[in-house]
Amino acid sequence: VSTQSTGAAYMYLQRVLFFLLLVFCISECVKFNLPQLPYAYSALEPFIKTETMRVHHSKHHAAYTSKLNLALNRAIELGHTELSNIPLERLLGELHKVPEEEGLRNSVRNNGGGYINHAHFWKAMRPYYPAGPEYSVIRPSLNSPLSNALQKDFGSFVQFQKEFNQSALNLFGSGWCFLFFDKADSKLKIQAFPNQDTPLMERNIPILGLDVWEHAYYLDYQNQRAKYIDAWWYLVNWEYIQSNYLPVIEILETKLEM
């Protein structure tokens, strides 16, 4: 066999293998994309500065996105192809399905949590439109299902806000503070979660989450987390938050019918 024929056969084999790999990736590989913000980086001024938003979104969230893709696709390469068909929200509550080898489970926990927490965090804020000369915190619509639930489980919106602030302020190190629906107790709860953990990991429903990692506020408020928390309330997008409560309404209605 000539050297030329051998070389041609080798090149053909390479093309075949590349094609098979491409087909495999199209059918099995996971590809999460960095979500676009629903507003400009400058839109949350003066409460969160442009540079903070730019770094937070284009650097930190982008890194979680990239590392999540790497971890899940490595798990798929190791034979766990079923992971490509499990929605991330569900997978975070079923982390036992992710292999522990090569630190993949821990990577999916951290980066999957980071990916989804931030995806909701951006939507949970909107530009502040002052109704008058003074800043005022906007609250959820009166008599809305969420507003009524806050009244029932915390006594008042003011009390809910006070407890949420305290939980976020008391979190040691980095993490998130969440308002979530506890399925077991059928009520709203507040809890601080370390790192990028989320209520989804306990199969509960996140309603409102605040990022209290220092990268979320240090350029604006340095070590004054309390000032950041107070400022953040002016940006809460209650329309989006109330939409997060809709699955809770369905759960509660189903329980009433049983």
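**A bend in a helix, and what lies around it**

Modeller: Happy to! Let's begin at His56, where helix α2 has a kink of about 30°. The bend at a residue is the angle between two fitted axes, one through the seven residues ending there and one through the seven starting there. Helices here are DSSP runs of H or I with at least four residues, strands are runs of E with at least two, and both are numbered from the N terminus.

Before going on, a word about the model: it is predicted, so to speak of local features we need pLDDT of at least 70, side-chain atom pairs count only at pLDDT 80 or more, and totals for chains, interfaces and linings use all residues. Numbering starts from 1 along each chain as its sequence is written, and side-chain values use heavy atoms, with hydrogens and water left out.

Back to the helix. α2 covers residues 50-77, which is 28 residues, and from first C-alpha to last it reaches 39 Å, close to the 40 Å expected at 1.5 Å a residue. That expected span is 1.5 Å times one less than the number of residues. Just after α2 comes Gly79, with a positive phi of about 110°.

Now to a contact with Thr52. Its side chain is joined to that of Asp220 by a polar contact of 3.1 Å. A polar contact is a pair of N or O atoms within 3.5 Å; within protein, one must be able to donate a hydrogen and the other to accept it, and residues adjacent in sequence count only if both atoms are side-chain atoms. Asp220 itself lies in helix α7 (residues 218-221). Asp220 is buried yet has no salt bridge, and the nearest side chain of opposite charge, Lys49, is 4.9 Å away. Two terms need their cut-offs here. Buried means under 20% relative accessible area, exposed means over 50%, and partly exposed is in between (1.4 Å probe, protein chains only). A salt bridge puts a side-chain nitrogen of Lys or Arg within 4 Å of a carboxyl oxygen of Asp or Glu. For charge, Lys and Arg count as positive and Asp and Glu as negative, while His and the chain ends are not counted.

Salt bridges do turn up elsewhere: by this rule the count is 10. In one of them, Glu94 and Arg90 meet at 3.4 Å, N to O. Glu94 is buried, because its relative accessible area is 11%, whereas Arg90 is partly exposed at 42%. In another, Asp182 and Lys189 meet at 3.1 Å, N to O. Asp182 is also buried, with 11% relative accessibility, and Lys189 is partly exposed, with 25%. Salt bridges that share partners also join Arg74, Glu77 and Glu102 into one network.

Asp153 and Lys152 form a salt bridge of 3.3 Å, N to O, and Lys152 is exposed, at 64% relative accessible area. Gln151 lies in α5 (residues 145-154) and is partly exposed at 47% relative accessibility. A polar atom of the Gln151 side chain lies 2.8 Å from the backbone oxygen of Gly155.

Next, the strands. Strand β1 (residues 175-182) and β3 run antiparallel, joined by 6 bridges; strands pair if DSSP finds at least two bridges between them. Within this pairing, Phe180 has Pro206 as its bridge partner in β3. Strand β3 (residues 205-211) is largely enclosed by the rest of the structure, because 7 of its 7 residues are buried.

The loop between β2 (187-194) and β3 has two residues worth a look. Asn195 is found there, with a positive phi near 55° although it is not glycine, and Asn195 is partly exposed at 39%. Arg203 sits in that loop too, with a positive phi of about 60°, again in a residue that is not a glycine; Arg203 is partly exposed at 47%.

Stepping back, the protein has 10 helices and 3 strands, running α-α-α-α-α-α-β-β-β-α-α-α-α from the N terminus on. Of its 258 residues, 43% are buried.
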